[in-house]
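Thank you all for coming; I would like to walk you through one structure this morning, going from the chains to the interface and then to the sheets.

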Amino acid sequence: MNLSDFAPSLQFSPQELTAIVLSLKVAGTATAFSLPLAVFVAYALARWRFPGHAALNAFIHLPLVMPPVVTGFALLLLLGRKTPLGAFLAEYFGIVFAFRWTGAALAAAVMSFPLMIRPIRLSFESIDERLALASRSLGADPLWTFFLVTLPLAAPGVIVGSILGFAKALGEFGATITFVSNIPGETQTIPSAIYSFTQTPDGDADALRLAAVSATIAVAALVVSEILQKRADATRAGK
Amino acid sequence: MIGVDIKLRRGDFTLAAAFTSKARILALHGPSGSGKTTLAHLVAGLAAPDEGHIVVNGALLVDTAQRLFVPPEKRRIGLVFQDALLFPHFDVKTNILFGRFFTPKAERRVPFEAVVETLGVAHLLRRRAGALSGGERQRVGLARALLCSPRLLVMDEPMASLDYDRRQEIMTLIERLRDEFSIPILLVSHAADEILRLADEVISLERGGIVAQGLPSETLAAASRYTEGGRFSVVSALVAHVGAFDARYGVTRLAHPSGEIVVAAHIVNGDRKVRALINATDVALAYRKPENTSIRTVLLGRIVAIDEDASPLAFVRLELEGGDRLISATTRLSVAEMNLSVGAQVYALVKSVALDERELRANA
C-alpha cells in the first residue's frame, strides 16, 4: 500500500460511516447508562466502609486485568439468548443483548467501568469530608448535601471519568466481538470494522482511515480531559 | 440553656460529661485530646453518644433511652469551624445564604442585611470563597452559621488559625453577635485570653472528663497556677465603660463600679462596655488607699477567698464593688504579714501600663 491510495479519498464508504455512527451510539449509550452507577459506586468506595468493600473494588477492576475475550465470554454465558437471565430479560422486558448493538453497548460499559470509576473516586476522596458536615449543620439533608456540595466538587472527576469511559468504549474490541460478534450495521463498531478490513485483501486503506478516525477521537478525548483536570486543580486552589 | 449528660467510647478514648449551663457564651477548654471538640460535635449532631441525652434551649436533641437522635440538619445549630470550611464552588453570597435556604420561613429571624453589616462582608459578596483571606473567611463562616437562625452557635476553635489582630477583630464580632442577635454560643477554645474575654462560664476538660466548671477567671489555670510560671496565666476580666480621653497625658479613663481604671492609650468608641483583662501578677493589695504612689488604678473590693498550697504563692480572690471578680497573685509571706483574711475590705492596685490597649481597642 502507498499513501497516494489513501490520501485523496477521505470520503468514507457506507460501511465505514455506519461503523463510525454505530460506534458513537454504542459508546454514548454505554457512557450514559454506566455514569450514574459509576458515580454511586465511586462514592460508596470513597466514603463508606462496608463488608465486601475490597471485594467490590476487585470485582469492578476485573475487566481491566482479565483478557477482554474472557469478559465477553462471561457476558455470553450470563446474558446469551439461551441463558436463564437472557431469556428472562427477553421475555419480560423485551431486552436482548446477544448479537445486538445493545450488547455491544453493555460490553463497552463493562470494559470501560473501571476506567470511569477511578477519577470519580479520586475526586470524591479529595473533597474535605467536613464540607459535607458543614452542609448538614446548615440544614441540608444527606441527599441535598450530595447534590449541592459533594457532587459539584467532584464534577471535574466525573467529567474526566466520562471522557475516559467514552474513549475506552469507542475502542472496545475483544469483549464486544466475543459477546455480540461483528455484524455490519448492528454490532460492527470502528474496531471491529478495522479488524474486518485487515482481513480483506484490499482493506488496508480503509483500515488506516478508520484507525485515523479512532486515534483522532481518542487523542481529542485525552486532551479535553487533561484541560478539564488542570482547570479543576486551579478551581480547587481557589483561583 | 444547654444540658448535657453523655458517655462515648472510641477505641481507648472515653468521654463522659454531664453539665448544664445558662451562660450566654459557654467555653469548652482543655488541651488537645481532652474531648472538647468531640463534645461540641455531639451537641451539633456530627457524632452520636453511646449513652445519654442533650438538651438545647428546651429541645431534646439526643436521648439514647428513647432512641432519639435528631440529625444535624434538623438541629438548627450553627457551626463555625477553625478553617471556616466555606463551599469553594460558591461565591460568598451563596455561602452565606446556604443555611437560610434550608431554614423554614417562619424561623428566619436573623436578617441578612444586619448580619452582612455587622460582620462587614458586604464588599465580599460577589467574591469566590477560595479568594478570601483568613479573617475574611472566618467572618463569612460566622455569617453563614448565623443566617440559619440557630438555637445555638457552636464555634470550634474559630480563631486558632488567625494572627493577633484578626483574632481581636473576630472576638469583637463574636461579642457583637452575642449582643445583637442574642444567640447563645458554645465556644471551643484552648486559648485562655479568648475565654476570659468572651465567656461567661467555662468547662475545663481533661482526658475525656470535666475537671472544673465556673467563672473563667476562677476556673482557668486553677490547677496549674502553683506550678512554675503558672501564675502568669491567671487573668481576670473586668467589665468597664470607656470614659473620657485625657488628651494632655494620652490616657483613657475606664469607669468601673469599684474605681477608675487608667489605660495608657487612646481607646476610641467611647461610651461602650469593654472587658479589661488584668493579670493576677499585676495586682497588688493594700488596706488603705495608698498615697504617694505611681499607681493610678485603685479598685475597692472584698476578699472572698485565699487559695494557697505548699508553694510560696497565694492567690487572693476579690469581689469588687459591682460584682466583678479580680484575682491577685501574691506570696504566702504577704498574706501572713498583712494578716489578710476572707471578708476583709482591700484596695487592689493595678499598674496602668500593665493593661494591654490592643485588646481593649479591639474590644471597644
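Predicted model: local features only at pLDDT ≥ 70, side-chain atom pairs only at ≥ 80, totals over all residues.

**Chain A and its helices**

Chain A holds 11 helices and zero strands, where helices (H or I, at least four residues) and strands (E, at least two) are DSSP runs numbered from the N terminus. Residues are numbered from 1 along each chain as its sequence is written, chains are lettered from A and ligands numbered from 1 in the order in which they are written, and side-chain values use heavy atoms, with hydrogens and water left out.

Read from the N terminus, the elements of chain A run α-α-α-α-α-α-α-α-α-α-α, and the C-alpha atoms of this chain fill a box of roughly 70 × 50 × 30 Å along the principal axes.

Over all chains, the structure holds 24 salt bridges, a salt bridge being a side-chain nitrogen of Lys or Arg within 4 Å of a carboxyl oxygen of Asp or Glu. One of them joins A:E16 to A:R209, with the closest N and O atoms 3.1 Å apart. Because A:E16 lies in helix 2 (residues 14-47) of chain A and A:R209 in helix 11 (residues 204-236) of chain A, this pair ties together parts that are 193 residues apart in sequence.

**The interface**

Turning to the interface, how many residues does each chain bring to the contact? Chain B gives 24 residues and chain A gives 20 residues, with contact meaning heavy atoms within 4.5 Å. Between them the two chains bury about 1900 Å², 71% of it on carbon and sulfur atoms; buried area is here the accessible area (1.4 Å probe) that two parts lose on being put together, summed over both.

Across this interface the rule finds two salt bridges, including the one between B:E73 and A:R136, whose closest N and O atoms are 2.6 Å apart. On the side of chain B that touches chain A, the elements giving two or more residues are strand 7 (77-80), helix 2 (92-102) and helix 4 (134-146) of chain B, and the largest share, four residues, comes from helix 2 of chain B. The residues of that side divide into 17 nonpolar, three polar and four charged, where Ala, Val, Leu, Ile, Met, Phe, Trp, Tyr, Cys and Pro count as nonpolar, Asp, Glu, Lys and Arg as charged, and the others, Gly among them, as polar.

**Two open sheets in chain B**

Let me finish with the sheets. An open sheet of four strands in chain B has the order 14-13-12-15, with antiparallel pairing, and two strands are said to pair if DSSP finds at least two bridges between them. Strand 14 (259-263) and strand 15 (273-279) of chain B stand at the edges with a single partner strand each, so one side of each is left without a neighbour in the sheet.

Within this sheet, strand 12 (residues 235-246) of chain B pairs with strand 15 of chain B over seven bridges in the antiparallel sense; B:S236 stands opposite B:I278, and B:L238 stands opposite B:A276. Four bridges join strand 12 of chain B to strand 13 (residues 251-256) of chain B, again antiparallel, with B:H241 opposite B:A255. The hairpin of strand 12 and strand 13 of chain B has four residues between the strands, and B:G250 takes a positive phi near 75 degrees there.

An open sheet of five strands, also antiparallel, has the order 16-20-17-18-19 in chain B, and its edge strands are strand 16 (283-286) and strand 19 (325-331) of chain B. Strand 17 (residues 297-308) and strand 20 (residues 345-350) of chain B pair in the antiparallel sense over six bridges, and B:R302 has B:Q345 of strand 20 as its bridge partner.
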